[in-house]
Amino acid sequence: MAKLTLCSRKIFDGDHPQIFPGTVTLEDGRIVSVARGALPQAPDAGVEDLGEQLLMPGLIDCHVHLLMTRQPFGRASHRNTTQGVIAALGYLRQAIQSGVTTLRDCGSENDGIFALRDAAELGVILSPRIIACGPAIGAVGGHAPQISEQATGSEQFSAKVRELVDRGADWIKLMVTGGTSTPGEDIEDVQLTRQELLAAIQTAHQLGKKATAHLSNLPGIKLALQCGIDCIEHAVELDGECLALMKQNPTAAVHCICLTNREAEDPSLDVPDDVRQKAAQIAAKQKASFQTTLAAEILTALGTDADGVGHPFGESVHQELAYMCGLGLSPLEALRTATASAGEALGLPLGKIAPGYAADLIALDGAPDQRIQESRKIRSVMKAGQWVYQAK
């Protein structure tokens, strides 16, 4: 792939809290150099001038469910792989058009997610990169059974991890506690034993994979951290012991905080009464936890829990960014959670405009660095050094 140099008077590198003019040179799908300061007076072949458009890394959503939707094919648990994949193609297009260039799928109905990931990597579908967990692993009768496979005992949990990695899992997702969405379930439930959780995480690490976990209560979070979890989903409640463990064994937090508060407070969101009641039970704790992680300088990455129904792909990222700003982040701090911090949480060279990083970039109108709502003003999206979407 030939070299391409992008020029812009406004660049956000995803990492540092300032905007600067400069050039970014790309080759073979990666960034090879970044130069701050003077711009070419007369761009020539191989140079593209973006003018006043803001150039920044593509957005990363660390928590979605592409194959968990319930429409238009009826109940998710009764839908076949082909139906789910067909629906997901539309969600992936929505995500790209919203400036999202990487998604981590944190639990799917079936192995169709691996086919979607491979097709995205080959470029045969319009899609962000997909980091796929495949089905999550949980206890019999545990959280979100429609996107989980069940196991009992440490031997079964270890074997299930090995099986999922063999089937294609990039990460392992574990359902450790109860949550808001499963009927009849208590948020305070801790559904895995220490032996089960330790066996799953250790096996994942032995196979070169990281593990993340659904965690909605303090005892479950402490247990997961003591067992060496790499990432905490929802992070509803944290105390000093949790923060110390997260620093000792670097652990990321992905709050999906806008979702919880919409479930608790948004009358336009159609959710059952028990879901709304459980979300209201944890909403204030989760807000406090989010601010605690930031104050403690814990790695915090953006996630939305988007499922394509009440929580649309792409748009949910912009809602999450705005919600974070409402909790005290500056626009650039919020954008960092969806770029450099998210790439670091995934352990991949994504989310920064820096040499060696993937050339996954977006160009925007407006000033989202000052007004976060303008993060929606996507002009064009680049994935692996190729423009894949241009707004009309």
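Tutor: First some terms: two strands pair if DSSP finds at least two bridges between them, and strands (E, at least two residues) and helices (H or I, at least four) are DSSP runs numbered from the N terminus. This is a predicted model, in which local features need pLDDT of at least 70 and side-chain atom pairs count only at pLDDT 80 or more, while totals for chains, interfaces and linings use all residues. Residues are numbered from 1 along each chain as its sequence is written, and side-chain values use heavy atoms, leaving out hydrogens and water.

Student: Okay, how many bridges join E6 to E7?
Tutor: There are 4 bridges between E6 and strand E7 (residues 100-105), and the two run parallel; at Asp-61, the bridge partner in E7 is Leu-103.

Student: And what order do the strands of that open sheet have?
Tutor: The open sheet has 3 strands in the order E6-E7-E8, with parallel pairing. Its edge strands, each pairing on one side only, are E6 (59-64) and E8 (129-132).

Student: Switching topic, where is Asp-13?
Tutor: Asp-13 sits in the loop between strand E1 (4-11) and strand E2 (20-27).

Student: Is Asp-13 buried or exposed?
Tutor: Asp-13 counts as buried because its relative accessible area is 6%, where buried means under 20%, exposed over 50% and partly exposed in between, using a 1.4 Å probe and protein chains only.

Student: Which residues is Asp-13 in contact with, leaving aside neighbours within four places in sequence?
Tutor: Taking contact as heavy atoms within 4.5 Å, Asp-13 touches Phe-20, Arg-36, Pro-57, Gly-351, Lys-352 and Ile-353.
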